[in-house]
Structures are given as C-alpha cells and as structure tokens.
Amino acid sequence: MITKKIAKNGMKGRKRATILLSAVLSLTFLFIVIATTLQTSITKTKEDKRLLTYGNFEAAYMSDDGHAYATLSKEDSLNLAISRNVASSDNCGVVGTINNDIKKISNFSFLQGTYPANDDEILIESNIATSLGLDNAVGNTITVQMYTPILDISADDYLNDMTKKIAPDYVANDNNYFDCPVKTYTHHTVETEFKDNSRITFDSQYIIAFSADESVPSPEDIIKNGLLFYQSVTITKDFTISGVIKSYSGNWDCGNFILPSSFITESAADTFLSYLNNTTLTDNLRDYNYTSNIFINKDYNGKVYDKYKNIFLDSEQLTSLSTSDIPFRRNTFSYPVLAGSAENSLTFMIIGIIFIASACAIFQIFLTQMKKRSRKLALLKSIGTTNGQIFAILMWEGLYELIICLPLGTLTGLIITYLATLIMNHAGGLSVSFHIDIRILLLALITGCIALFIGMAIPMIIAIRTPLVGAISVKKSRKKRSTRNVIGSSNRHHALTFSYITKQHNRMNRTSRTLSFSLSLIIICIILFCSYLSYNCFDSYRDNNIRTDRPSYTLYANHGMTLTSLSSVSKDIKALDASIQTDYYKYGNHAYFTYNGINDSELFNTYKERFKHEDNYSDYIGIVPDQEYEGQQVQDDLSMIEGSVITSIYAIDPSTDIYNRIKSLINYGTVNDSDFAKGDSVILMIPIYDEDTFSYDGRFKGSYKTDDSLTAGDSITLSTRIESATADNLPIAYTTINDVKVDGIIYYFPNNGLWPFSEDMYDTDYGVKVISGINLAQTLYPQMATDPVGNELSLSQFEKFFLKQCPYAYGNSAINIYMDSSADNSMIESSLFTIASNYGLTLINYNEQTWSEYYKALNSSFMIILTGLSATAIALIILGNINMSAFEQERKRIGILQSMGITNHDFALTYMKKGLIDSYLSLIIVHIIMFVIILTGDILTLKCSKMTFLRYISDMFNYALKDYWWGLHIALCILFVAAIVVISYLPVRKLRRYSPIENINSNER
C-alpha cells in the first residue's frame, strides 16, 4: 500500500499539475456526457413524436381474412394488436374495434372523453365530430348505419351468355344497338329485421335477361331465375359518444387501406357478428367474419417485416416501387430504416474527437510532469523502488483522478444537459424531453477512461525507464554555438535592449514559439470552422423552405373551385389565428405553349433534346395524337400542337396579394393589370440555361444564358385538349387562343422565390410556366369555372367517373397557408383537417417536413458546437500548460533579466504582445484557409463554365454566405484574441510571486 500513499502525497504536493489534469479529465467526461445525453434526448424526443403521430407498431397486415393471423399467431414472441373492421358508415367513416393492445400501439391523443366501455358507446375522430356539427360531442347520441357489401360482381358475363343463348346470330355494333333482341330488367329488394336495439337491413339487386318477344318477368321470376349481382347489409344502431380523439388515420403508413375513424368495443362487434351469422333473411352469412388489421409491435428486434415479407408477399410485390396496395407493410413513418443513423454517427464522431483531444492533453500534461519529476523518480529508484512500483504509483494517480473527475464531470454534464433541454423548450420554442441511454452513456464514460490511460501510457514508459544516472544532470551538447547565432545576422553590435534580447530569445527558441502559435491557429480553426459548419447544417432547411417560400400547409383540390369558395375557405383559415396568411390560385396542367420562332430557340431546342429518348416524351413535348379509339377523329390543323412545349397555367386573381408579389419578381417587362385580368396578356416564367442545365436561381444571373427568341410584347399561342365526360367518342379537338401578349417574363428569382413557382427552382422539368388571369385559364379549362362537387355528387364519385375521363378539364385549386412559428400548430392543424373535410380538400402538411429538417439541422448544429466547445476548451488548457511550462523553464533567464532592471510590467507587455501577434496571425491565416475552402466548395458545387472568378467570389458572399451569422463570427474572433492574450499573460501572475533571486536559483530539473 506504500505506492498508494506515495501517489496520494505526490498529488497533494503537485497541486497545480493535479488541478490542471483534473480539469482536463473533468471536461472530457463533461463534454462526453453532454454530447451523448443531448443526442439521446433529441433522438428519443423525435422517436416519441413519430410514435405519437404515426403509431407504435413496426409492421402491419391490412384487411386480413384470417390467413395472416394464422401464421403470425404461431410466433409466441410477437406482440399482436388486432382491430376488426366492422363496417363503413356515412357519418362515422369505417367502424373498427378497440382493445388494450390497440390502445398501446395507437397513442391516441384525446380531445374529449375516454375509450368506450359499453356496447352502446363509440369513440370518434375529431374530424367526424366536426362533420356531425358537435362542439361538445361526448355524451351525445348518434345513429350509425354500418354498411357492409356482401356481394358485388359484374353482370357482363351473364348478359353475354344470355345474349348468345337467346339470339346466337346477333352481333352488337353502333348501328343496331337499339334493335337488340335481348332485353334486361333489374329488381331491387330491401328486407329488414330487428335484433335487440339494432335494425338489420338487406339490400339486394337482381338482373335478368329475356327475349324482346317475352313479357316482363315478375319479381319472383327475376329473383328465382335472374342473377344476384349486388347485395349489402346495414346494421343501424344508436351510440353514445364516449370520447373524441385527434385525427390519426391520415398519418399512419397504411397506403390505400382505410383505417377506422370510429371505434366500438369487441363485445359490441361480437354481438353484431352474431346478428349476421344468425339472421333469418339469408343463409349467405352463416360463415361471415370481419376482416382485421393486424399491427405488430416492435418486440422482435425490429426485424419482423424482414422475416415475414417473403411469406406474405410475392416477387412482384417485393420489387414493386409502389406499396400503397400491398397488405403486409413496414411502418416506415414511425421506424424509418435510416432513422438516427446520421445523428448517431455524428455522436460517435464527437466522442472520438473528444477522445483524441483529451488523450493528447493528458499526454502533454503527464509528459511535462515526467520531465519535471525525473529527479524524484531517480531518487525513488535509488532507494530501491522497482519499475513495477513506479508503474503502480502512476496507476494510482490515474485512479485517483478518475475517482474525482468521473462523478464530477458526469454529474455536471447531466445537470447542464437537463438545463439545456429546459432552455430549448422554453426559450427556443422546442420540445425536447430529457433522456439518458445508459448503454451509450457507459460506452462514452469508458471511452473517457481509456483516453486517460492512453494519454498516460508513453509518459509512464518514460518514467519507468528513467535511469539513475543522467536524470539529475542534463547532458551538455558538444556542438559549438556560432557567434552569428548569438549576436545576429551580422558582426555589427546591437544595443542590448529588452526588446532585442526578447527577439533573439524567440529566434533561438523557434520550436517552443512555433508550438504555441500552432495551438493558437488550431484553436481558432476549430472555433470558426465549427461556426461555419453549424451554419452549413441549415443549408437544406434554407434551400427547401426559406428560399423557395414553402408554406406551412396547402389545401389542394383536384378540381376547380369558384373564387367565392376559395375566398370563403381562406377566410375560415384566417379566422383560426390572426398570424395566418393565405394565398389561393387555380392552375391547369398539360397545356400546349408555342410561338412563332420556337423552333429556332436554342433554349427550347435544348429542352426538347433533353427528353428526346424518354418514354414519357409526350408529357413534355407536344406530338400529333393517334386515333386512340375507334370512330374518334383527329383535328386537321395541329400546327399549334406539334413541337410545342407542355406547360402548366396558373390562374391568379389580380386582387390578391400573390399577384403583387409575382409582379415584383418580373425581370423584364411591365404588366398591364387590365389586360391581365381580361385574359389578353400573361406573365411567363422561362428559365435561364447553360448547356442542358435549366434554373430559376438568381445566383446564375449573368452566367447562364437568357432566351432572346421571345421577349415582352411578343405573342404566344396556348392550347388545351377538349375533354368531356360523355358516352359518345368526341373528336380529338383543342381549345386554342392565339396572340396572347407576353407582358412580363421571370427568368430567375432575384432573391427568395415564390411558392409554388419556386418549387422546382433547382430542377426545372417543365421548361416554362404561364401565369394568367382567371378569365384566360377558364377559357382554356371551361370546367374550371365552377365547383363540380355538389350535393348530388360526392367527391369520390366525381373522381371515379369524371376525372378518369377528363384528367385535365377541371383544373386544380390550391390555398397556401403560412403560419407563425409561435402559433399552436397542433390545434390549428386539427382545425385545418376539419376545414379540408368540410370543403372536400386534401391537406398537404409541409409544416411537419419543415420542422423535421429544422430539428435535424439544429441537432447537427448542437453536436458540432459541442465538439467545438470541447476541443477548444481542451486545446486552451494545453496551450496554457505549454505557456506555464515554458515560463518554468525560463525562470532563471527571467531572474537574471529582473536583476538587470526589467520590471514585471515589461514582462507583462512582452507576453501580451506575443499573445496578440499569435492571435492576429492565426486570424489572418484561418480566414485565408476558410476563404479558399469555401470558394473551392462553391466552384465545385456550381460547376458553371461561364462564371468568372470574381463572380464566384461574389456568389460566395451573396449566396453561400448570404445568411451567415457575421455578428457571431466577429464576436468569436474577439473572444479568441482575448483568450489568447489572457493565457499569454497568465505566467506574469506567477512571476510576481517570486523574487529575482528565487527565479535565478530555481532548478526545475
């Protein structure tokens, strides 16, 4: 135990060195704990948010008829949550069952009430409550008609067989359609029975084919001899609303499969099933059972999908790019395949950097101490201490440091991280939950311990190998010093001033001087590059959101809406919060754009060449249509179609704010408001280009070429295909408007763009966009003028019957919604879902993606800043230790100079001047390095052959560094200079403790 006591007493005797080493080691554990805990907290928060939004299940099998359950139930380790699809209803959507397993994986967010407990209670989504007009829905009684199709087949085969049987010689064509010798007749029956408090209704439809010479069959004959081609059952029952949950069904990764919007108890579903199995109205339901949605919790090491995909999916489904209709599916929303990989890699990289910096700092401190302690080590050996005992003493010193620093650094790191999460939540507007991953934390702490012993390794070897002779006295060099090296570069004598002596001393100690300067340079490199990298983390966020002006949400309709409807929806949205701003517009796709001279345009010829060999060439360039259907004629004059460019036409109301914003972006020309409103003029968006690259990015202004074949004041021709939902085959014809004047052209966005026109700023698949008034667009798309969805036609019917035949005729409508970041997004989002449901619109949530990109950038930025802080702190400690060691070695020289009359004030100015020179030179060098690296990166990224060197420099400052935080940059530079000067001044404070005689007699060796 003597080695333990020697180690403890030795550490007490070397307080400064012990405190310095403790500071480095404590900082190591501090920063490692902060890095890992902050990362795991952010990762856990993101994971919890995903699970809350998208469901806590790894995989799911949708609409299972029992086969998938038979396979999955054999695996005991799988935790299955099963919800049965009871039926569909007009007022409550799909009705499903809920149980404890579903409650665990759903993470439903309640707005009112609780789960259903009795068979007559029902749980509904918030959008259902809104559609029912119920503000306080809980406790209200509603009548639910649960509809289930039993049979739905095509009668075509039956009719064809009967036609051949009744009139074998008859051949149908357009001329004898009304002379068909076979007639058909349908019969519709409705049967009802009551079970307890429920009404069961069977709806059946029959069809029969008979000879035109026969009389119309009786209903009994139709039922007996005809074909039952459709049958459904409806159970009607009154339910009491037990609770309202936030809408979830649109967020889960279930493709085209419909999730329940309302839930009843399992026992209620069993009761309804017994009604159907035992009804007296039909025998077709004796074996009827519900389909089920099977959700698999993540209890199988996250590989349940990989294990069962080859069982449930065929080769075509496994290789399909679209998974919307595949029943067995991975929950990629809650458990992304690469989720957290980048963040985890960054965390381990930070730990590695801290590990290296700490090991180097510990190595430098121990090495310095071993040199200072060589006399004592030699004395210990002279009295019989073995190498093993020397090793034990040093190991005990390391263990004592760990005993002190490990808990201190860990506890301090946890406290700082916890406070940081509180600050981020309250001041930063984030929502980060404090979380500790014990495994990662232990791994990080072990890494810190390893850094200590690796840093100690080489100094320990040196200590063990310290000889008895030679460690006490320094071996003098036999090399004769050159007089020139002492007195300077010439034989001329100089006055021995303190400044001259200091200059010569620095020249003869270049190694120490260079080491100090190199550390200063490394420190400022770490600081400024971490600042730039943190700024760079937000590049994707800025490009996808700020520069493109992407909205928080968009309400989209795949049909035209009247301006009154658009204005009404916009007012409803603005009423939700005073900070909300909206833009609304209509647009039509697949319009043909051409003008006199388009075939001579280098831009459009390059654009056409780009898609020349693509299979979907006709999606971009107009071609002569084939006769697609028998009897369908093609219009003779196709000059305005062939060789034209296919574009989109955006219809803007001149009274809206978006119109004024578009006008402010025009690069060439002036818009006549009256002509624009009447439809006589338009605004064009034509990209600038370089070879086969097209862009609306203003950073290429002057470097990319601008098309000069079309200018403001010229006329263009616009055409659209005439589409109509009719039984007759209409001729292929076009609505064409000639001599539309071009008032203004947008070649590029000077600064930030304007959504949706800037959506493809960096990848312009469409070579031109047309912005017009409402009148012009509605002339080209006549059905755009009115809202086709009315009381007699549901949206689903419209999409099914009309849009399939007329995909472009009705145009589209959109309302962009811009929200203040301080608004309560969760409540507003729920209200937007309701508004979308009421008006038959689709809500596109850009806000989720925006915040996801922001959090990802913020997370990476935090990690980089943390790395910079830890590396900078450790490097500053190393620099301070080097300066103090250099001072200890120079005390004898300093004492002699003091005896010659050099004051402490003179030494202070000298040391501070050294710090200023080192810091200023470091700043100059690092800015040159940053300039070269950033400029090189800009050049390699842009790859613009026409951009000059000066333009690259201008681009670097105007775009690459446009939003760079220069204020913080300058503040960091000032702090760096101050820190280096203070560290350089520190030896002067110690100098004041000693008299000149004490300094002259010092003997650190």
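Phe 312 and Phe 328 are both buried, a label that stands for under 20% relative accessible area, with exposed meaning over 50% and partly exposed the range in between (1.4 Å probe, protein chains only). The model is a predicted one, in which local features need pLDDT of at least 70 and side-chain atom pairs count only at pLDDT 80 or more, while totals for chains, interfaces and linings use all residues. Residues are numbered from 1 along each chain as its sequence is written, and side-chain values use heavy atoms, with hydrogens and water left out.

The structure holds 40 aromatic pairs, where rings of Phe, Tyr and Trp (its six-membered ring) pair if their centres lie within 6.5 Å, and planes under 30 degrees apart count as stacked, over 60 as edge-to-face and the rest as tilted. Phe 312 and Phe 328 form an edge-to-face pair, at 5.0 Å centre to centre and with 65° between the planes. Because Phe 312 lies in helix H9 (residues 304–312) and Phe 328 in strand E12, this pair ties together parts that are 16 residues apart in sequence; helices (H or I, at least four residues) and strands (E, at least two) are DSSP runs, numbered from the N terminus. Phe 538 and Trp 965 also form an edge-to-face pair, with 6.5 Å centre to centre and 85° between the planes. This pair links distant parts of the chain, 427 residues apart, as Phe 538 is in the loop between helix H17 (510–536) and helix H18 (539–546), and Trp 965 in the loop between helix H29 (949–960) and helix H30 (966–991). Phe 538 is buried at a relative accessible area of 10%, whereas Trp 965 is partly exposed at 29%. Both belong to a cluster linked by ring pairs, which also includes Tyr 532, Tyr 535, Tyr 541, Tyr 854, Tyr 964 and Trp 966.

Strand E12 (residues 328–330) also holds Arg 329, which counts as buried because its relative accessibility is 5%. The side chain of Arg 329 reaches the backbone oxygen of Ile 326 at 2.8 Å. Leaving aside neighbours within four places in sequence, Arg 329 is in contact (heavy atoms within 4.5 Å) with residues including Glu 58, Asp 253, Phe 257 and Tyr 305.

Charged side chains form 18 salt bridges, each being a side-chain nitrogen of Lys or Arg within 4 Å of a carboxyl oxygen of Asp or Glu. In one of them, Glu 266 pairs with Arg 84, the closest N and O atoms being 2.7 Å apart. The pair links distant parts of the chain, with Glu 266 in helix H8 (residues 266–277) and Arg 84 in strand E2 (residues 80–89), 182 residues apart. Glu 266 is partly exposed, with a relative accessible area of 23%, while Arg 84 is buried, with 14%. Together with Asp 270, these two residues are linked in a network of salt bridges. Lys 705 forms a salt bridge with Glu 602, again with the closest N and O atoms 2.7 Å apart.

Val 24, in helix H2 (residues 15–54), counts as buried because its relative accessibility is 0%. The C-alpha atoms of Val 24 and Ala 359 are separated by 9.6 Å, although these residues are 335 residues apart along the chain. Val 932, by contrast, is found in helix H28 and counts as partly exposed at 44% relative accessibility.

Notes
A polar contact is a pair of N or O atoms within 3.5 Å; within protein, one must be able to donate a hydrogen and the other to accept it, and residues adjacent in sequence count only if both atoms are side-chain atoms.
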